Amino acid sequence: MSAGLRLQIVTPENVTFDEAIDHVVLPSWKGELAVYPRHAPLLSRIGFGELRAASGEMMERFFVDGGIVEVRGERITVLSDRAIPVSKINAEHLDEEETSLRERSTTDPDELSVIRIGLEKVALQRKIASS
């Protein structure tokens, strides 16, 4: 299959990825969302997790921290607060982030939820980086 789609991943800092691809698999709130050529137009929230973009035998992988995906024609745009190439996930940074989250002391249910989700994101980044 030849590359028939264009994927652009945009964060507040920069355009992290902008290349032709064959298909992409994104994390959604209820599993994964795959987009292939001739996909119906779509505007949707995405969850945090692994984004996989395939082009021929190549696979680009990212950890995305939620966001929005728009599919319009053969163009896919992902807007996310963070999009980290899996090759750049830093175990030391994850250790620091986990320690910081675990050291927070609170009984506020909202803050406890933020801590729990933060720990889930750290664990998922570790899992993605090790696979």
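Author: Start with Arg38. This residue is exposed, because its relative accessible area is 76% and the cut-off for exposed is over 50%. Keep in mind that the model is predicted. Arg38 sits in the loop that joins strand S4 (31-35) to strand S5 (42-55). Its backbone deserves a look as well. Phi of Arg38 is near 70 degrees, which is a positive value in a residue that is not glycine. Most residues other than glycine have a negative phi.

Now take His39. This residue also lies in the loop between S4 and S5. His39 is partly exposed, because its relative accessible area of 25% falls between the limits of 20% and 50%. Set aside its neighbours within four places in sequence, and His39 is in contact with Ala34 and Val71. Gly73 is another residue to check against His39. The two are 34 residues apart along the chain, and their C-alpha atoms are separated by 7.4 Å.

Turn next to the surface patch. Leu43, Ile68 and Leu79 make a nonpolar patch of about 290 Å². Of these residues, consider Leu79. Its place is in strand S7, residues 75-79. Leu79 is partly exposed, with a relative accessible area of 43%.

The positive phi belongs to Arg38, while the contacts with Ala34 and Val71 belong to His39.

Technical notes. Residues are numbered from 1 along each chain as its sequence is written. This is a predicted model: local features need pLDDT of at least 70, side-chain atom pairs count only at pLDDT 80 or more; totals for chains, interfaces and linings use all residues. Side-chain values use heavy atoms; hydrogens and water are left out. Helices (H or I, at least four residues) and strands (E, at least two) are DSSP runs, numbered from the N terminus. Buried means under 20% relative accessible area, exposed over 50%, partly exposed in between (1.4 Å probe, protein chains only). Contact means heavy atoms within 4.5 Å. Patches are made of residues with over 30% relative accessible area and no salt bridge: like charges are joined within 9 Å, nonpolar side chains (Val, Leu, Ile, Met, Phe, Trp, Tyr) within 5 Å. Accessible areas come from the Shrake-Rupley method with a 1.4 Å probe; for residues, only the protein chains shown count as cover. A salt bridge is a side-chain nitrogen of Lys or Arg within 4 Å of a carboxyl oxygen of Asp or Glu.
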